[in-house]
Amino acid sequence: MSNTVVVTGTSTGMGKATVAKFAAEGWNVVATVRKDSDLQVHADLPNVRTLLLDVDDEGAAESFARTAVEQFGRVDALVNNAGSYQMGPVEASSMEQIHQQFQTNVFGLIAVTRAVIPFLREQRSGVIVNIASLTAEQGYPYSAVYAASKAAVVTLSEGLSLELAQFGISVRTVLPGQHATRIFTKIDMAEGEALDPYRAGIEEFFGNNAPTGSDPSVTADVIHQAVVDADPVKVHYYSAPDSTAIPRAKQILGKEGYWREFREFVHGRPTPLWKTLTPSPGDKPVEWGL
Ligand SMILES: NC(=O)c1ccc[n+]([C@@H]2O[C@H](COP(=O)([O-])OP(=O)(O)OC[C@H]3O[C@@H](n4cnc5c(N)ncnc54)[C@H](OP(=O)(O)O)[C@@H]3O)[C@@H](O)[C@H]2O)c1
């Protein structure tokens, strides 16, 4: 019997690529989208059932989990991929925007996870993979709230992995580097006069750090690896060159040394050592309209 994976947020980007990867590997896939117009997005793939789910709706999580299990009779893996990007200085972001960022990236993810755990615990097996971000490793300017939400995903995954190991359930977190996806076309951007004092800093940062991004299939492969990995203890998976460099750079520079090098990079002054340790992804420039 084929294994079954549930993947959230699969209309585009890494979620869509992950559905394609698992389908190609012979898995049954329960994919979620949040718009009726996206229900056919995986229509050409075998063994994929697409359900509606807005992870912000915590009240829908339990009935969603039951429906997901009913599709193929069991669930072996959950990939919490759905996520959004709130951008702008903390001062200029509204508290509503900040709450919304955590609602989708953290609370929604937790609600879906809590609803699926009983099924995995009952069968005493399963893998949960939570999609974080390389920004969880250091707070980027003008994305600090997003980074904080992804840092929460990482520490949640660590603690949860220790709670669930006794039931034969593994919990992993994937930290992707920058990818060229539609998330950058849907940014929840801070607005208004409160932005004015920050405009020069924003221009400096983004002017000095032209966005590039890997193909979403790079991370789909890592997500698949995180699910099938026989290592019961491993939690952290880095994907794409700008993210896989982080553990190496931190090991060599130490935590404080890494932070100082990162600050220079943010201000457009990457040191030769930093450039060596964190090669530019170079895959292709981010096309904001992807
Ligand atoms: N792109 C990057 O550089 C990057 C780097 C590191 C981590 N990530 C993370 O990777 C994950 C996938 O992002 P992506 O880059 O592939 O972007 P994407 O193409 O925009 O995919 C995000 C998916 O999440 C869905 N989604 C958003 N809010 C949702 C909600 N409230 N309920 C259910 N689904 C929701 C989106 O649906 P709609 O189509 O309806 O909006 C979409 O299917 C996210 O968690 C993101 O934070 C991205």
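Predicted model: local features only at pLDDT ≥ 70, side-chain atom pairs only at ≥ 80, totals over all residues.
Seven strands make up an open sheet here, in the order β3-β2-β1-β4-β6-β7-β10, with parallel pairing, where strands are DSSP runs of E with at least two residues and helices are runs of H or I with at least four, numbered from the N terminus, and where two strands pair if DSSP finds at least two bridges between them. The edge strands are β3 (48-52) and β10 (236-239), each of which pairs on one side only. Neighbouring strands are turned by 20° against each other on average, direction ignored, with axes fitted as lines to C-alpha atoms, for helices over the stretch in contact, and angles running from 0 to 180 degrees between N-to-C directions.

Residues are numbered from 1 along each chain as its sequence is written, and side-chain values use heavy atoms, leaving out hydrogens and water.

Within the sheet, β6 (residues 126-131) and β7 (residues 169-176) pair in the parallel sense over six bridges. Helix α4 (residues 144-164) packs on the sheet and touches β6, β7 and β10, contact meaning heavy atoms within 4.5 Å, and its direction makes about 160° with that of β7.

Helix α7 lies across β7 and β10, at about 130° to β10. Ser243, found in α7 (residues 241-266), counts as buried because its relative accessibility is 0%, where buried means under 20% relative accessible area, exposed over 50%, and partly exposed in between, with a 1.4 Å probe and protein chains only. Beyond its neighbours within four places in sequence, Ser243 is in contact with residues including Leu175 and Tyr238.
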